[in-house]
Amino acid sequence: YDFCLNWRRTGECPLKFQGAGVEIENWRPKNYALSFPFPTGGEIFFANPTNVPLDLYVDFMANGPLPSYYPLTEITVEYLNTEKGMMQLKPVYIDPGEYWEVHCTKPALIGTVPPGEYALHIRPVEPGKEYPFRVVGVNLAEPRIRFDTPEVHLVEPAECADVQQMQDTSAYLPRDQLTLSHYADPKTTSVKTHRSTDHAKVVAYVCNHVFTS
């Protein structure tokens, strides 16, 4: 199974969406995106119409060099088949910034969804950015054909203690001493333990600005 929906060139999103200020934006000639403004964001509704679990990918716009003019954004998947009980995947965070000069579409593997109907909650959490978070596609594919995707960040509240300890001991720890490194990798469903400067940056921001709001 493979279901790919992309509206970057057509501006025609076949999925239902909602949210204050959420709209199809013609941000460049022959370039469209579903835009989610800070701070409210909105929802996209989709379904896994098969009888097997499928991987969910979100195609988003990224740019560089840093700082990106797109905001760090929280993504949560909510299962809407209430007769089977409420199910919600843990929020993950997408950082649409790149280190080099680029403006491109990237796919993010959000997680695996069983058959059923879903709401994809998209909430930018970083103020002061020039543009809203832009989504140009939603895809479902079999887990056996996973491909390499940008890192999405799962931030656990327990990691905030590490953030506080780091901030208390030194505001300028070298990159090779960053220890905020434990995150779930959806490509392997395992926990990585190597150091990730990008993940540490996202954890620090989420702990200081999202969990405390």
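# Exercises on a predicted model

H199 has a relative accessible area of 0% and is therefore buried; the scale, taken with a 1.4 Å probe on protein chains only, calls a residue buried under 20%, exposed over 50% and partly exposed in between. The model is predicted, so local features need pLDDT of at least 70 and side-chain atom pairs count only at pLDDT 80 or more, while totals for chains, interfaces and linings use all residues. Residues are numbered from 1 along each chain as its sequence is written, and side-chain values use heavy atoms, with hydrogens and water left out.

**Exercise 1.** Place H199 in the secondary structure and find a polar contact of its side chain.

Solution. 
- Step 1: H199 belongs to helix α2, residues 197-210. Helices (H or I, at least four residues) and strands (E, at least two) are DSSP runs, numbered from the N terminus.
- Step 2: The side chains of H199 and E159 are joined by a polar contact of 3.4 Å. Such a contact is a pair of N or O atoms within 3.5 Å; within protein, one must be able to donate a hydrogen and the other to accept it, and residues adjacent in sequence count only if both atoms are side-chain atoms.

**Exercise 2.** Which strands pair with β12, and is β12 mostly covered or uncovered?

Solution. 
- Step 1: Strand β12 covers residues 133-141 and is mostly covered, with nine of its nine residues buried.
- Step 2: Strand β1 (residues 2-6) pairs with β12 in the antiparallel sense over five bridges. Pairing requires that DSSP finds at least two bridges between two strands. In this pairing L5 stands opposite V138.
- Step 3: β4 is also antiparallel to β12, over three bridges, and L34 has V135 as its bridge partner.
- Step 4: β6 and β12 pair over six bridges, again in the antiparallel sense; here D59 stands opposite G137.

**Exercise 3.** Count the aromatic pairs and classify the pair F60 and F133.

Solution. 
- Step 1: Rings of Phe, Tyr and Trp (its six-membered ring) pair if their centres lie within 6.5 Å; planes under 30 degrees apart count as stacked, over 60 as edge-to-face and the rest as tilted. This rule gives six aromatic pairs.
- Step 2: F60 and F133 are a stacked pair, at 6.0 Å centre to centre with 20° between the planes.
- Step 3: The pair links distant parts of the chain, since F60 is in strand β6 and F133 in strand β12, 73 residues apart.
- Step 4: F60 is buried at 2% relative accessible area, and F133 counts as buried at 0%.
- Step 5: For Y70 and Y131 the ring centres are 6.3 Å apart and the planes are at 50°, so this pair is tilted. Y70 lies in the loop between β6 and β7 and Y131 in the loop between β11 (116-124) and β12, so the pair ties together parts 61 residues apart in sequence.
- Step 6: Y131 has a relative accessible area of 31% and is therefore partly exposed.
- Step 7: One aromatic cluster is formed by F46, Y79 and Y118.

**Exercise 4.** Which ring does R134 lie over, and which ring has the charged end of K16 over it?

Solution. 
- Step 1: R134 lies over the face of Y131, 4.6 Å from the ring centre. The criterion is NZ of Lys or CZ of Arg within 6 Å of the ring centre and within 35 degrees of the ring normal.
- Step 2: The charged end of K16 sits over the ring of F45, at 5.2 Å from its centre.
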